[in-house]
Amino acid sequence: MALKDTLLRIFTWWNGQTVSLALMTARSGQFVGADDFGNKYYKALGPLIDRSVGPERRWVVYNGYADASKVPPGWRGWLCHNGDVPPSEEDYHPREWQKPHVENMTGTAEAYRPKGSQLNRGSRAAATGDYVPWSPGE
């Protein structure tokens, strides 16, 4: 591992896993599965330290930048204890109306800008006249 990668793992939490998470994962984590984005999912081995976190501790090690929108719905449900069986152990096929994942583009040039937005080019459609403002006492 290069010096830059080592320093990034020590001082940043948003680039994959930190050194402390790597140590905890190696010491008390059991690999459960991975998704199409390269994220790896783990659950705790042995007794819990804190019973308030649920029946077992579960976590994800992101592949690259930590962005929660990169967690597919099935894995998100498993992380939140909405199901006991991880998606890697079940035969799941998405429905035809489900769309593939699109990264959260907020803050980028590809972000969604609806008509009338100050950041959208073009002009806003004229008001239709059906708007009546409310004023106290009416």
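The model is predicted, so local features need pLDDT of at least 70 and side-chain atom pairs count only at pLDDT 80 or more, while totals for chains, interfaces and linings use all residues. Residues are numbered from 1 along each chain as its sequence is written, and side-chain values use heavy atoms, with hydrogens and water left out.

**Figure 1. Overview of the protein chain.** The secondary structure comes to three helices and three strands. Helices (H or I, at least four residues) and strands (E, at least two) are DSSP runs, numbered from the N terminus. Along the sequence the elements follow the pattern α-α-β-β-β-α. Of the 138 residues in the protein chain, 22% are buried. Here buried means under 20% relative accessible area, exposed means over 50%, and partly exposed lies in between (1.4 Å probe, protein chains only).

**Figure 2. The three-stranded sheet.** Three strands form an open sheet in the order β1-β2-β3, and the pairing is antiparallel. β1 (29–34) and β3 (58–61) stand at the edges, each with a single partner strand, so one side of each is left without a neighbour in the sheet. From one strand to the next, the twist averages 30 degrees; axes are lines fitted to C-alpha atoms, for helices over the stretch in contact, and angles run from 0 to 180 degrees between N-to-C directions. Two strands pair if DSSP finds at least two bridges between them. Strands of a sheet pair through backbone hydrogen bonds, either parallel or antiparallel.

**Figure 3. The hairpin of β1 and β2.** β1 pairs with strand β2 (residues 40–44) in the antiparallel sense over five bridges. Five residues lie between the two strands of this hairpin, and G38 in the turn has a positive phi of about 90 degrees. Q30 has K43 in β2 as its bridge partner. F31 stands opposite Y42 in β2. Ring pairs link F31 and Y42 with W59 into a cluster.

**Figure 4. The pairing of β2 with β3.** Four bridges join β2 and β3 in the antiparallel sense.

**Figure 5. Aromatic pairs around W75.** Rings of Phe, Tyr and Trp (its six-membered ring) pair if their centres lie within 6.5 Å; planes under 30 degrees apart count as stacked, over 60 as edge-to-face and the rest as tilted. By this rule the count comes to four aromatic pairs. Y41 and W75 form a stacked pair, with 4.0 Å centre to centre and 5 degrees between the planes. This pair links distant parts of the chain, as Y41 lies in strand β2 and W75 in helix α3, 34 residues apart. Both Y41 and W75 are buried. The rings of W75 and W78 have centres 5.6 Å apart and planes at 85 degrees, so this pair is edge-to-face. W75 and W78 both lie in helix α3, three residues apart, about one turn of the helix. W75 counts as buried at 5% relative accessibility, and W78 counts as buried at 2%.

**Figure 6. The nonpolar surface patch.** L3, L7, I10, F11, V19 and L23 make a nonpolar surface patch of about 630 Å². Patches are made of residues with over 30% relative accessible area and no salt bridge, where like charges are joined within 9 Å and nonpolar side chains (Val, Leu, Ile, Met, Phe, Trp, Tyr) within 5 Å. A salt bridge is a side-chain nitrogen of Lys or Arg within 4 Å of a carboxyl oxygen of Asp or Glu. Accessible areas come from the Shrake-Rupley method with a 1.4 Å probe; for residues, only the protein chains shown count as cover. α1 (3–11) and α2 (19–28) each supply at least two residues of the patch, and α1 gives the most, with four residues. F11 lies in helix α1 and counts as exposed at 63% relative accessibility.

**Figure 7. Residues after helix α3.** H81 is found in the segment after α3. H81 has a positive phi of about 65 degrees although it is not a glycine, and at 27% relative accessibility H81 counts as partly exposed. L119 is found in the segment after α3 (73–79). L119 and A109 are ten residues apart in sequence and 9.9 Å apart in space, C-alpha to C-alpha.
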